[in-house]
Amino acid sequence: MLDRLATRLATAALRLPPARTRRVTLTRDIPVRVRDGVPLRTDHYAPDLPAAPTVLIRTPYGRGGPMRLLGRVAAERGFHVVIQSCRGTFGSGGAFAPLVHEREDGLDTLDWLRRQPWWSGAFGMFGASYQGFVQWALAADAGEELRAMVAVVTASGTRDSTYAGESFALDTVLTWAELLQAQTVPWLARQWELKRGQPRLVAALAHLPLAEADRVATGVTVPFFQEWLRHHTPDADYWHPRVFGGRIAEVQAPVAMVSGWHDIFLPAQLRDFAALRAAGAQPRLTVGPWTHGSPGLLLAGLRDGLDHLDEHLAGRRPRGRSAAGPTAPVRVHVGGAGAGWRDLPDWPPPSAPTPWHLHPAGGLSTAAPVPSAPDGFHYDPADPTPSLGGPLLVAQRAGPVDNRPVEARPDVLTFTSAPLDAPVEVIGPVRAEIHLRSELSHLDVFVRLCDVDRRGRSWNVCDGLVRVAPDRFPADAAGVVRVPVELWPTAHRFAAGHRLRVQVSGGAHPRYARNPGTGEPLGTAVTLRAGWREILHDPQCPSAVVLPVVPPATQLSTSRKNPS
């Protein structure tokens with residue numbers, strides 16, 4: 001009774017489509033045995049509707065709470081909903097090893113589904129973050145029975161996101177390891193730890209060597225954290241069976257993607273979108289003003305997901321969809337001035353790549369660089385430049401924030417434009433090219449684009465970091481290193497009267513592990529070397545950020561309606 005009441009309240013509050021049935025039977029803790037005999041605990045929500053297709057959700061985060069509500073909401077809309085705990089989590093046998101068993105366990109679960117009397121011969125998959133990785137692990141082998149996928153803030157591989165710019169996403173990985181371990185402790189103990197501000201995790205993020213950080217954060221050694229520290233090089237064989245992007249072209253099911261401009265997996269997810277388009281598929285994409293755990297993101301994922309499953313799995317026209325044809329395949333939220341939603345025929349939209357050059361005296365302009373002396377700063381990994389907002393795993397610390405505190409540090413250079421005479425709209429991939437000299441050959445380059453409002457507040461829009469080593473970016477005869485930096489893609493409108501600002505610094509800790517400056521191995525480095533570096537911005541070394549500017553004549557109209 002309470003479950004039914006909660007579902008009705010949620011349906012009304014979230015403006016979800018009406019139920020097709022209120023009669024749902026829940027069978028809990030079904031032991032689905034996979035090929036090595038391990039039982040995977042599984043819940044089945046069965047609607048009293050004939051020939052209902054199935055929605056499969058595989059998760060390491062438990063089957064209660066929000067998942068239980070999701071199961072009943074989707075079942076009331078005419079789907080058998082099967083929610084399964086990944087091995088080693090919430091009663092399932094075996095040990096949890098990220099990405100290792102998901103393909104085989106997914107295939108064995110599909111084989112179990114085929115043997116059920118209620119199986120209709122068609123299924124879809126749904127889920128966010130790790131629940132999306134398990135979809136990609138199975139998708140290429142599922143064949144025609146897989147009719148739809150809903151992939152929310154996720155990607156076909158985690159390697160590129162874990163080592164963004166060939167650094168190490170310390171905050172994301174260690175916070176996730178701590179979260180997984182916290183699932184095994186009593187609820188009250190966890191709430192006390194959160195109330196105290198997670199002091200063990202805070203200490204672990206600052207700890208060296210990193211190989212001890214998991215024990216500092218959780219009290220135990222976390223095997224996958226140790227493995228990810230060891231197997232961090234681009235050619236590591238370790239990642240080959242754990243990345244599923246190589247088979248995207250074989251996926252037959254229509255895919256709906258939902259992400260946020262400040263999500264940790266956004267660049268990888270957009271690469272998946274591009275790979276599907278290159279293979280001739282027609283994926284759908286929604287990108288909003290969200291971080292990895294934003295409530296708005298989860299709501300949009302649920303609404304878009306139910307619509308997608310209705311259309312492609314159940315063969316029903318989604319609510320609000322006219323008979324005239326489908327909506328645009330890409331829908332993005334443009335932030336900044338006049339923020340609102342845009343419908344696009346594809347991603348990225350047409351734009352003019354426009355270099356904004358770094359200039360002396362902290363200037364930033366589309367004008368060509370002029371002869372000038374470089375600007376310099378001293379980076380000390382013992383006092384690392386802190387990260388502030390941006391794409392982080394924990395929503396409360398992520399997203400746009402006023403960057404003035406970090407910009408006031410002596411180890412951060414800022415380059416700022418004059419107030420804009422007219423709005424500048426930027427939609428698409430963003431990149432930078434930084435020319436530098438450094439007394440150390442091992443260093444990081446962090447570049448961030450900000451929107452400075454009329455009150456002087458500096459709001460981060462997008463950013464990126466690259467780890468520099470002599471074998472990756474050799475210096476020229478003058479000792480200058482050219483460093484290309486891929487920033488997060490964005491959709492943002494800088495208002496007239498606002499200014500663009502570019503930060504250049506030596507890191508963003510603890511979002512990225514600090515660069516010790518020594519070239520020591522990632523997990524065992526303890527020696528910290530500080531050093532001076534110079535950022536060049538003359539005609540021979542034109543450091544710049546290249547923005548995908550949408551010309552005013554081709555800017556599309558903005559809709560303020562919610563994407564779903």
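A polar contact is a pair of N or O atoms within 3.5 Å, one of which must be able to donate a hydrogen and the other to accept it when both belong to protein. In this predicted model, such a contact joins the side chains of Asp463 and Arg511 at 2.8 Å. The protein comprises 13 helices and 22 strands. Its radius of gyration is 24 Å, close to the 24 Å that the globule rule gives for 564 residues, so the protein is as compact as a globular protein of that length.

**Overall architecture**

- Along the principal axes, the C-alpha atoms of the protein fill a box of roughly 75 × 55 × 45 Å.
- Buried residues make up 56% of the 564 residues of the protein.
- Among contacts with a separation of 6 or more, 76% are between residues 24 or more positions apart.

**Nonpolar cores**

- The largest nonpolar core has 116 residues, and Trp136, Phe168 and Trp347 are those with the most contacts inside it.
- A second, separate core has 29 residues, including Leu16, Ala148, Ala300 and Leu302.
- Beyond residues up to four places away in sequence, Trp136 touches Met149, Ala151, Ala155, Ser156, Phe244, Ile248, Val251, Val255, Met257, Asp272 and Leu276.
- Two of these partners of Trp136, Asp272 and Leu276, are among the buried residues of helix α11.

- Helix α11 covers residues 266-278, and its 13 residues reach 18 Å from the first C-alpha to the last, close to the 18 Å expected at 1.5 Å a residue.
- The buried residues of α11 are Leu266, Pro267, Ala268, Gln269, Leu270, Asp272, Phe273 and Leu276.
- Gly280 follows α11 and has a positive phi, near 90°.
- Helix α12 covers residues 295-312, and its 18 residues reach 26 Å from the first C-alpha to the last, close to the 26 Å expected at 1.5 Å a residue.

- Strand β2 (residues 39-47) is mostly covered, with eight of its nine residues buried.
- Strand β1 (residues 24-33) runs antiparallel to β2 and is joined to β2 by eight bridges.
- The hairpin of β1 and β2 has five residues between the strands, and Gly37 in this hairpin takes a positive phi near 85°.
- Strand β4 (residues 80-85) also pairs with β2 in the antiparallel sense, over four bridges.
- Tyr45 in β2 stands opposite Leu26, and the bridge partner of Tyr45 in β4 is Val81.

**Strands β9 and β10**

- Four of the five residues of strand β10 (residues 340-344) are buried, so β10 is largely enclosed by the rest of the structure.
- Strand β9 (residues 330-336) pairs with β10 in the antiparallel sense over five bridges, and His333 stands opposite Trp341 in β10.
- Three residues separate the strands in the hairpin of β9 and β10, where Gly338 takes a positive phi near 65°.

**Two buried strand residues**

- Met125 is placed in strand β5 (residues 123-128) and counts as buried because its relative accessibility is 3%, against a cut-off of under 20%.
- Not counting residues up to four places away in sequence, Met125 touches Leu56, Gln135, Leu138, Ala139, Leu146, Ala148, Met149 and Val150.
- Met149 is touched by Met125 and also by Trp136.
- Asp463 lies in strand β17 (residues 458-468) and counts as buried at 2% relative accessibility.
- With residues up to four places away in sequence left out, Asp463 touches Pro391, Phe446, Val447, Arg448, Glu486, Leu487, Trp488 and Arg511.
- Arg511, one of the residues that Asp463 touches, is the partner in the side-chain polar contact of 2.8 Å.

Technical notes
Residues numbered from 1 in each chain as written. Predicted model: local features only at pLDDT ≥ 70, side-chain atom pairs only at ≥ 80, totals over all residues. Heavy atoms only, no water. Expected span 1.5 Å × (residues − 1). Buried < 20%, exposed > 50% of the residue type's maximum accessible area, 1.4 Å probe, protein only. Contact = heavy atoms within 4.5 Å. Pairing = 2+ DSSP bridges. Core = buried A, V, L, I, M, F, W, Y, C linked by side-chain atoms within 4.5 Å. Rg over C-alpha atoms; globule rule 2.2 N^0.38 Å.
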